[in-house]
Amino acid sequence: MTGGFTGVRAWLGRRTTTQLAAGVAVLSALALTGSLLVTGAAVRLEQRQTAALAALDDYSAMVEKLNLGSEMAPETVTAADAVYLSNWLAAFQTAPGRAGEAQSLAEACRTGRGGAGIRYIRAPVGEPAGLAALETVRGAQAPRLGADVWLVRLEAGVLCPSRPVEVVVVRRSVGGLDIAVGRVVERSGAAWARAVAAVVGVGVLLLAAGLAIATFARRRLTNAVAEVSKALDRAAVGDFSVRAPATELAPELTELSAHVNQTLDRLEELLAWLRDSADQLAHDFRTPLARASARLDRLAATAGTPETRRLAAEARGDLDALIRAMNEAMALRDGEAWSFETVRLDTLAAQAVELYAPLGEERGVTIRLTAGGAPVLGVRSLLQRAIANLVDNAVKYSPDGGRVEVAVGRDADGPWLSVADQGPGFPGDSVAAAPAGDDPERESHGMGLAFVRAILRRHGASMTIDDARPGAVVTARFSR
């Protein structure tokens, strides 16, 4: 039992809101139809019972008026008695105002309504009187309606010229006579047709309402999910000004929206704390670095030996690299790093090639660009710095007369950019897994490849390093 309930829950869990609402509407329509059928069967049974009671009363009235006794025993009935019975039955059948008869037989055939009486008498001798079909068409016995009661269907032309009728017949024998008394059963008629039409109409309305509500619920839920996705998408690019909707769009997502908003609030708070901490660190470092730079300049100016001046220049270069690294790190938390827009990788690559072409010419290094259209969503200034770092690395470590290949394109996995050089490459057998920035011999100015990887991660991109034999190939792949 528990397993079956679990299976039903699992099946329901895989259904959409539209499917569930439509299912409820269909079940409601089926329930109405079932109710209609049950009600119809009950009404039909009541109509047959009414006709059976009228037929039994009619039979009792006939027997009472005929005053049948021992003189009607089979051996005493004569042909004259049979003629008398026939004439009497004809008068009884057509007499106006019969008790319990709502209308005449002709009227019943014309309107389809019930209540008209039909009789039949057969004596041992002579011709029978009345409608012979009451005896010849046996029908089905109906013990629920009473003893010796039969339910007979008379086809069109038997009783009514143009329509079949249903008749409840009481068949009994009295003395030497076989008597059958029937009453036409009321047809459902216009009232029943109106009831059927009303139930069918309500069923159609329920189905339409269910589908409409399902469509509305699906659209409302889809819009709410889209709003939640929009808030998360904006947060992914650093914009925390958008929040998930509350209950006005979809009450089903109230709890989820609250959790999403709490998470976004916490992330915004943490990022603000990180920015404040970075600002404080930058403030704390800038002044000592500036003082150290000034002192090194004075030391270089007053140095008495070439060795001292060389060491001072090298120390000043190290300080400059440290200052650039700090500035690049600050750029990652700067406000501009959150302003995402559509950026063309091929355009940025062309700009980087143009910038480093003179530097390459000084050493005979050729920089070649192969580019196709590759738009991505990102921060232009950060991507520009990342590509410039990659090209700078490639030119710096390529041998004199070497070649740097810069390629930009788009495939089934998304936009990509690669920079290949003919330099010393990276040590080890698995250069593809080498973390950028771990090799001090492959660092560009500032933070180098570590800075590039941080920018790519900010943009939802990945970076791999492959062996170019000789040299290395750095490839960046973007997901959006």
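**A short tour of the model**

Start by selecting Arg138 and Trp150: Arg138 lies over the face of Trp150, 5.0 Å from the ring centre. A charge counts as over a ring if NZ of Lys or CZ of Arg is within 6 Å of the ring centre and within 35 degrees of the ring normal.

Before moving on, note that this is a predicted model, where local features need pLDDT of at least 70, side-chain atom pairs count only at pLDDT 80 or more, and totals for chains, interfaces and linings use all residues. Residues are numbered from 1 along each chain as its sequence is written, and side-chain values use heavy atoms, leaving out hydrogens and water.

Next, pick Arg172 and Tyr59. Here Arg172 sits over the face of Tyr59, at 5.4 Å from the ring centre.

Now show Cys109 and Cys160, which are joined by a disulfide (a pair of cysteine sulfur atoms within 2.5 Å) with an S to S distance of 1.9 Å. Colour helix α4 (residues 105–111) to find Cys109, then the loop between β4 (149–154) and β5 (165–174) to find Cys160; the two are 51 residues apart. Helices (H or I, at least four residues) and strands (E, at least two) are DSSP runs, numbered from the N terminus. Both cysteines, Cys109 and Cys160, are buried, meaning under 20% relative accessible area with a 1.4 Å probe, protein chains only.

For the last stop, go to helix α2 (residues 17–66) and select Gln47. Is Gln47 buried or exposed? Gln47 is buried, because its relative accessible area is 16%. Leaving aside neighbours within four places in sequence, Gln47 is in contact (heavy atoms within 4.5 Å) with Val185, Glu186 and Arg187.

Note on methods. Buried < 20%, exposed > 50% of the residue type's maximum accessible area, 1.4 Å probe, protein only.
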